[in-house]
Amino acid sequence: MMSPIRTRVIRKYLLPLFILASTPLLLGTSMVPMPVEALTQNAALIMQGEATRSWSQWNDQHSLIYTYTEFTVARTLKGQAPAKVVVKQLGGSVDGTTQHVSGVRYWPAGEEAVLFLRPSEAKDGTHVVVGLVQGNFRVERLSSGEVRVSNGVPEVQWLNAAGEQSVSQSTPMTLHDLENRIQRAQRLSQ
Amino acid sequence: MSGRNFHRILLVAALAAVSMLLPPPASSHLPELTKVGNNIVANRWNFAGFPVQWNLNPATGSNIQGSNSAASVIQAVFDTWTSAPNANVPVTRGADSSVSAEASSPANINLICFVCMDADFSKDSGTLAVTITTTVTRGHSDGHGGVAAFDGQIIKSDIIFNPNVQFTTDGTGSGSTQDLQTVATHEAGHFLGMDHTGVTRAIMFPFAPASEHTLSYDDDAGISTLYPKAIADVTTGSIAGTVRMLGSNAAVFGAHVYAGSTSSALPFPTSFNLRKSPISTLSKPDGTYLIQGVPADSYIITAEPLDGPESTSDVPGFTSAYGGTIQTNFTTRWH
């Protein structure tokens with residue numbers, strides 16, 4: 001029979017280690033799934049908006065093609081955004097040349113999304129998606145009235161600060177659930 | 001696959017034609033695609049055009065740890081793809097490069113870089129590496145003094161590893177340390193023109209286990225369809241059909257259709273070091289599908305919605321090439 005002290009030790013130290021060891025790690029070959037909370041921490045701006053137009057162009061060195069998409073901001077969930085935000089993504093087509101980055105989704109005009117963004121390193125006034133593609137949640141409005149969002153990333157399991165196993169809700173999730181998690185993550189980081 | 005859509009319209013995967021052991025038709029598996037006019041073509045190298053080589057910048061930061069050199073790992077990765085059965089992939093190591101910025105990568109090299117800091121993604125620890133593949137239309141300069149022989153010809157491919165992610169060259173990733181060979185094997189598939197697959201055991205599945213160094217049957221079907229060997233190591237065929245809704249008979253776009261073996265046979269000899277897996281594709285807007293590179297075996301064909309673990313968001317190249325929205329409003333069916 002196990003003593004109470006020993007039981008507490010196992011709960012406090014060994015159980016989290018056991019869970020960590022036994023949890024199938026969904027390590028991506030190109031990405032590590034980032035839960036909403038991590039995306040929130042890494043984003044300077046989180047906004048919901050609609051793509052209005054996009055264009056592709058070479059960089060100054062004529063070595064890389066970037067696609068720029070202008071969004072009309074409907075509302076901001078973190079940070080402050082102007083009425084229009086331009087998001088810059090690697091890849092696109094210009095004059096018969098196409099650059100592909102697997103997994104990167106571009107937005108046709110009219111598509112609605114919730115985006116986790118930060119300013120581009122180029123400091124050109126554009127923003128980039130946090131986690132390459134993971135901070136790009138497509139908004140889908142169902143005929144039932146429910147609004148779902150998805151970034152295409154499977155379920156993520158990890159241990160929280162208390163050593164308890166947490167499982168992020170796999171996408172798609174409701175927009176309401178996403179908003180709640182963003183708000184909670186911001187409260188915890190303050 | 002969950003049956004959460006039971007209240008939805010049922011689906012029938014109608015095998016309009018099952019043709020085993022026939023020469024593969026022109027269209028293929030799950031390559032990266034380019035749309036040129038009304039034509040959708042698979043991206044691929046033209047090995048007859050110019051020698052295709054990878055050029056390593058051997059410089060590494062402290063984020064690369066382990067007893068093996070990064071160069072030896074990358075060589076092992078390309079050896080895995082070039083030795084894939086039924087595939088002709090004459091890609092070799094070229095001269096090393098000192099280029100340390102992706103924006104400065106010349107058109108005539110295929111850079112493998114561990115120290116390129118200029119990509120925006122390098123600020124995210126969640127992104128391990130990206131492969132940037134450049135394709136052109138027929139007649140366009142190929143960057144090597146010639147012109148492209150066909151639409152969708154790959155003329156350049158660079159693999160950039162995130163300098164802010166910890167990698168090990170020892171072959172086993174754990175915790176926050178990623179196994180370099182696993183990541184590089186996936187990226188090398190993109191280098192060659194492969195897109196993501198819905199088969200979870202495949203190296204081209206977007207999310208993989210901590211350590212996976214070999215190709216699956218699904219990966220091999222993809223690479224051997226893109227670059228078929230003149231004389232196959234193992235005879236393969238194809239399975240074709242159409243996915244339609246029960247009742248309305250409407251075509252289903254983007255159903256994940258895969259051939260799963262029902263036997264314990266290993267049609268590829270173990271010497272090829274392939275992992276047996278289902279072989280898959282996605283149905284086109286007219287509902288038709290074509291699974292190529294299928295070795296002789298007994299199969300059950302499954303059509304399932306792309307609603308996890310891989311989702312419609314994971315195959316943007318497929319949806320942007322064909323247009324429209326991938327359907328997930330049906331339940332899994334087996335035939």
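This note goes through the two chains of a predicted model, from confidence to contacts.

1. **Confidence in chain A.** The mean pLDDT of chain A is 79. Of its residues, 75% reach 70 or more. Two stretches call for care in reading. Over residues 1-29 of chain A, pLDDT stays under 50. The model still has 29 contacts beyond four places in sequence for that stretch. Residues 156-169 of chain A also stay under 50. For these, the model has 22 contacts beyond four places in sequence.

2. **Chain A overall.** Chain A holds three helices and 13 strands. It has 190 residues, and buried ones make up 38% of them. Take the contacts in chain A between residues at least 6 apart in sequence: 60% of these join residues at least 24 apart.

3. **Chain B overall.** Chain B holds four helices and 19 strands. Of its 335 residues, 51% count as buried. Among contacts in chain B with a separation of 6 or more, residues 24 or more positions apart account for 75%.

4. **Domains of chain B.** Chain B is divided into two parts: domain 1 (11-31 + 225-334) and domain 2 (44-193). Their contact takes twelve residues from domain 1 of chain B and eight residues from domain 2 of chain B. On the side of domain 1 of chain B that touches domain 2 of chain B, eight residues are nonpolar, two are polar and two are charged.

5. **A sheet in chain B.** Strands of chain B form an open sheet of three, in the order β6-β11-β12, with parallel pairing. The edge strands are β6 (64-65) and β12 (178-179) of chain B, each of which pairs on one side only. β6(B) pairs with strand β11 (residues 167-168) of chain B in the parallel sense, over two bridges. Within β11(B), B:T168 stands opposite B:Q65.

6. **The contact between chains.** How many residues does each chain bring to the contact? Chain A has 40 residues in contact with 46 residues of chain B. On the chain A side, the elements that give two or more residues are β1 (27-28) and β6 (97-100) of chain A. β6(A) gives the most, with four residues. The chain A side divides into 16 nonpolar, 21 polar and three charged residues.

7. A:Q99 stands opposite B:T134 in β9(B).

8. **The largest nonpolar core.** In soluble globular proteins, nonpolar side chains tend to be buried together. Here the largest nonpolar core has 114 residues. Which members touch the most others? They are A:L117 and A:V129. The largest share of this core comes from helix α1 (residues 70-82) of chain B, with six residues. The core also draws at least three residues from each of domain 1 and domain 2 of chain B.

9. **Around A:L117.** Leaving out residues up to four places away in sequence, A:L117 touches A:A43, A:A44, A:L45 and A:M47, along with A:V87. It also touches A:H127, A:V128, A:V129, A:V130 and A:G135. A:V129, a contact of A:L117, is the other core member named above.

Terms used
Residues are numbered from 1 along each chain as its sequence is written. Chains are lettered from A and ligands numbered from 1 in the order in which they are written. This is a predicted model: local features need pLDDT of at least 70, side-chain atom pairs count only at pLDDT 80 or more; totals for chains, interfaces and linings use all residues. Two strands pair if DSSP finds at least two bridges between them. Two residues are in contact if their C-beta atoms, placed from the backbone, lie within 7 Å. Ala, Val, Leu, Ile, Met, Phe, Trp, Tyr, Cys and Pro count as nonpolar, Asp, Glu, Lys and Arg as charged, and the others, Gly among them, as polar. pLDDT is the predictor's confidence in each residue, from 0 to 100. A nonpolar core is a set of buried Ala, Val, Leu, Ile, Met, Phe, Trp, Tyr and Cys residues joined through C-beta atoms within 7 Å. A residue is buried if 20 or more other C-beta atoms lie within 10 Å of its own, exposed if 12 or fewer, and partly exposed in between; C-beta atoms are placed from the backbone. Domain bounds come from an automatic or database domain assignment.
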